[in-house]
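Here is a short tour for anyone meeting this structure for the first time. Please have a look at the sequence and the model, and then read on.

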Amino acid sequence: MTLINQFILLGSGTSQGVPVIGCDCVVCSSNNPKDNRTRTSAYIQVNGIHLVIDTGPDFRMQMLREGLSKVDAVLFTHEHQDHMAGLDDVRPMIFRSGKAMAIYGQSRVISRIKKAFHYAFETQPYPGAPRIDAFEVDESKPFTVEGIEIIPIPVDHGNLAILGYRIGDMAFLTDVNHIPPASMAKLIGIKTLFLDALHHKNHFSHFTLEQAVLKAKEIGAEKTYFIHMSHYMGTHQATMDSLDPGMELAYDGLKIDFNYSSKER
């Protein structure tokens with residue numbers, strides 16, 4: 001059975017966000033709300049389950065902005081601060097549900113989170129501390145969260161091996177500059193792709209927009225949205241005018257429907 005489910009892009013920006021503190025460039029001073037890019041994160045509602053991909057420093061304000069109040073689990077792509085620093089802000093969801101928050105990531109990522117948020121994992125925690133259950137992801141095979149099948153997509157972020165995720169016919173790949181052949185095979189048949197495109201200058205750990213466009217054409221999704229953008233990308237509208245049909249710059253608050261069925265593949 002195939003159901004229609006919703007994806008909400010909480011943030012579309014890179015580690016400094018846009019506007020950048022102290023910058024008066026054309027993007028940072030733009031009045032277009034689509035040029036305001038908080039740190040990249042996503043919210044996915046599928047079969048009544050509510051998932052988040054990454055909790056950056058802006059996570060609390062992103063949830064408030066979108067009027068969201070429920071999270072069943074968090075999937076982490078990697079351990080950099082702009083993708084995990086807001087984890088403590090899941091506390092209201094934990095307190096309301098009375099359940100520990102489930103988080104998923106590579107072994108290295110879980111270890112880093114346990115160090116950064118040690119108070120959530122202590123045997124006798126402070127009463128106001130969040131309770132978190134951590135699960136290590138085996139990147140070689142799908143796993144399930146509350147009955148939802150999730151396919152980890154190993155990618156390279158410079159010299160760091162990280163994860164993207166596929167859910168149904170949608171895939172989310174942030175902070176990437178190389179997709180191995182085995183991971184490309186896991187993207188066959190996707191209809192919607194979210195793909196890292198930092199800006200136009202070569203970078204050691206991110207696709208440029210031009211590189212991302214070529215990779216998107218190779219993947220062949222019906223629709224590609226570019227994410228994790230810096231202010232060097234240029235304004236939203238000017239960049240949109242340069243893109244091929246079926247490709248767009250994403251923006252904070254973007255909402256799309258996607259299909260989910262664990263029996264599709």
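Leaving aside neighbours within four places in sequence, Phe 194 is in contact with Phe 7, Met 170, Ala 171, Phe 172, Leu 173, Tyr 225, Ile 227, Leu 254 and Ile 256; contact means heavy atoms within 4.5 Å.

Buried means under 20% relative accessible area, exposed over 50%, and partly exposed in between (1.4 Å probe, protein chains only).

## About the model

This is a predicted model, in which local features need pLDDT of at least 70 and side-chain atom pairs count only at pLDDT 80 or more, while totals for chains, interfaces and linings use all residues. Residues are numbered from 1 along each chain as its sequence is written, and side-chain values use heavy atoms, with hydrogens and water left out.

## The chain as a whole

The protein chain has seven helices and 14 strands; helices (H or I, at least four residues) and strands (E, at least two) are DSSP runs, numbered from the N terminus. The radius of gyration of the chain, taken over C-alpha atoms, is 18 Å, close to the 18 Å that the globule rule (2.2 Å times the number of residues to the power 0.38) gives for 265 residues, so the chain is as compact as a globular protein of that length.

Along its principal axes, the C-alpha trace spans about 55 × 45 × 35 Å. Of the 265 residues, 55% count as buried.

## One side of helix α4

Which residues of helix α4 (residues 107–116) are buried? They are Val 109, Ile 110 and Ile 113. These three lie on the same side of α4, because they cover an arc of only 100 degrees around the axis, taken from the directions from the helix axis to the C-beta atoms. The buried residues of α4 pack against α2 (81–84), β5 (101–105) and β6 (132–136).

## A look at Asn 32

Asn 32 sits in the loop between β1 (3–11) and β2 (41–46). This residue is partly exposed, with a relative accessible area of 26%. The C-alpha atoms of Asn 32 and His 236 are separated by 8.1 Å, though the two are 204 residues apart along the chain.
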